Amino acid sequence: MSGWFELSQKYLDLRSEARALAAACADIADRADEADSFDPDVRTRLKESGLAAVLVAAEYGGRYEAVDSLAATVVREALAYESGHLDSMFAMQGIGSYAVSVAGSDEIRREWLPKVAALEAVSAIGLTEPDVGSDLRSITTTVVEKGGELVVNGHKSFITNAGDASFYEILAREGDGYSLVFVPADTPGLSVAKRHQIIAPHVLGDVILDDVHVPSANRLGKPGAGFKLMLATLATFRVSVAGAAVGVAQAALDEAVRHASQREQFGTTLARLGGVPATLATCWVEIEMARSLTYRAAAAAAQDPLGALDLSSMAKVGATEVAGRVTDRCVQVMGRFGLIRGSKIERLYRGARPMRIYEGSTEVILDSLAKKLVKDRAKGATTK
Ligand SMILES: Cc1cc2nc3c(=O)[nH]c(=O)nc-3n(C[C@H](O)[C@H](O)[C@H](O)COP(=O)(O)OP(=O)(O)OC[C@H]3O[C@@H](n4cnc5c(N)ncnc54)[C@H](O)[C@@H]3O)c2cc1C
């Protein structure tokens, strides 16, 4: 069978490649997943794998003709199975450079995208601010055009790759609209402040922009195109978070099954005791449901990202919520062994938690899906 229900050979081959990289990072995953800055060995192994090229179009040194949601999703599922740090390092190369790919000047694309594809340059995107998260229309960062230059002022917070990034795509107010501006990390006036320590360590920091001057050509797209470009980025990559969540949930279940099959209590293995078998099977059912929706949404997004955004959003909510439930249940199945700091299951449990908050929190996505549902029904449409 092919099409919606099975990955084609291209994606199966890509998955094997990503699994090989994940396995090659297994010996350093526990260290890397505690890091709040780039792990140099993970970076070297990802670079040598050539997988970052999946996130850039062939014209600019990438692997495939166009950046492809299904490819990003399949790779993230495999990488997140082993290491959140590796998964994030991979994913951000696409999320932080997509607006450059679709709307950067020729000069910026030709200079930077081949470096992104080769992991010689590190990408980042700055939307969130200290007082602004989900409600991005309230941002206070500004960009003003003066004498052929853009001047950016503001404070971005919780920015993945801050400090390790080579450039930032910064969302700023421009007049009555919003623009995205390409700011190389070494531009005078740009500085990185505190690294944030969170439940599952992540390369996170604040980016301060104090009278940062860049050429006008560094505005990505036209003035006011910021939200459109952000939406294009989301439409392409939101579903890949679902892929990572499926990888995390699968890894947790594999750990729990291994443990429950070996450990004996009351004269039999945990896998045959009380509610444990049903817990394991329920996790399996939920993971398969999440994976099916994720692949379907990613395949649709690979053809038409904006047209598939509802499905991608459903997959993101569905799979990240499944990862939360599954990792929690698997810790429970493993008893005290599930709680050991730094063990794989404990890392997965912590790693699943932020996924329900970033790239559109569950509640914010449900709210927009609900609005769409009611609006479409009012127009007489049926749900698909
Ligand atoms: C690991 C990690 C990496 C990140 N990386 C980046 C990055 O690279 N770049 C970047 O710009 N940002 C990044 N962020 C920030 C992230 O985008 C925000 O955390 C996210 O947008 C949510 O904003 P907030 O945390 O301020 O929560 P808030 O917006 O304050 O929301 C708090 C709670 O209120 C709920 N809520 C908010 N609005 C509504 C609504 N309309 N309806 C119902 N419920 C609502 C939310 O669901 C949530 O439960 C990252 C965050 C994390 C945790």
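These legends describe close-up views of a predicted model. Residues are numbered from 1 along each chain as its sequence is written. In this predicted model, local features need pLDDT of at least 70, and side-chain atom pairs count only at pLDDT 80 or more, while totals for chains, interfaces and linings use all residues.

**View 1. Three domains divide the protein.** Domain 1 covers 9–117, domain 2 covers 125–224 and domain 3 covers 227–378. These bounds come from an automatic or database domain assignment.

**View 2. Domain 2 meets domain 3.** Their C-alpha centres lie 30 Å apart. Domain 2 gives 10 residues to the contact and domain 3 gives nine residues (C-beta atoms, placed from the backbone, within 7 Å). On the domain 2 side, eight are nonpolar, two polar and no residue is charged. Here Ala, Val, Leu, Ile, Met, Phe, Trp, Tyr, Cys and Pro count as nonpolar, Asp, Glu, Lys and Arg as charged, and the others, Gly among them, as polar.

**View 3. The ligand is surrounded by 18 residues.** The closest are L127, G133, S134, S361 and E363. Strands β1 (125–126) and β3 (149–160) and helix α12 (362–378) each give two or more residues to this shell. Helices (H or I, at least four residues) and strands (E, at least two) are DSSP runs, numbered from the N terminus. The shell holds nine nonpolar, seven polar and two charged residues. Domain 2 and domain 3 both contribute, so the ligand lies between them.

**View 4. UniProt annotates residues 224–373.** The unreviewed entry gives "domain: Acyl-CoA dehydrogenase/oxidase C-terminal". Positions follow the numbering used here, feature names are shortened, and annotations may be inferred rather than shown by experiment. The span is 74% helix and 3% strand, and its end C-alpha atoms lie 28 Å apart.

Technical notes. A residue is near a molecule or strand if its C-beta atom, placed from the backbone, lies within 6 Å of it. Two residues are in contact if their C-beta atoms, placed from the backbone, lie within 7 Å.
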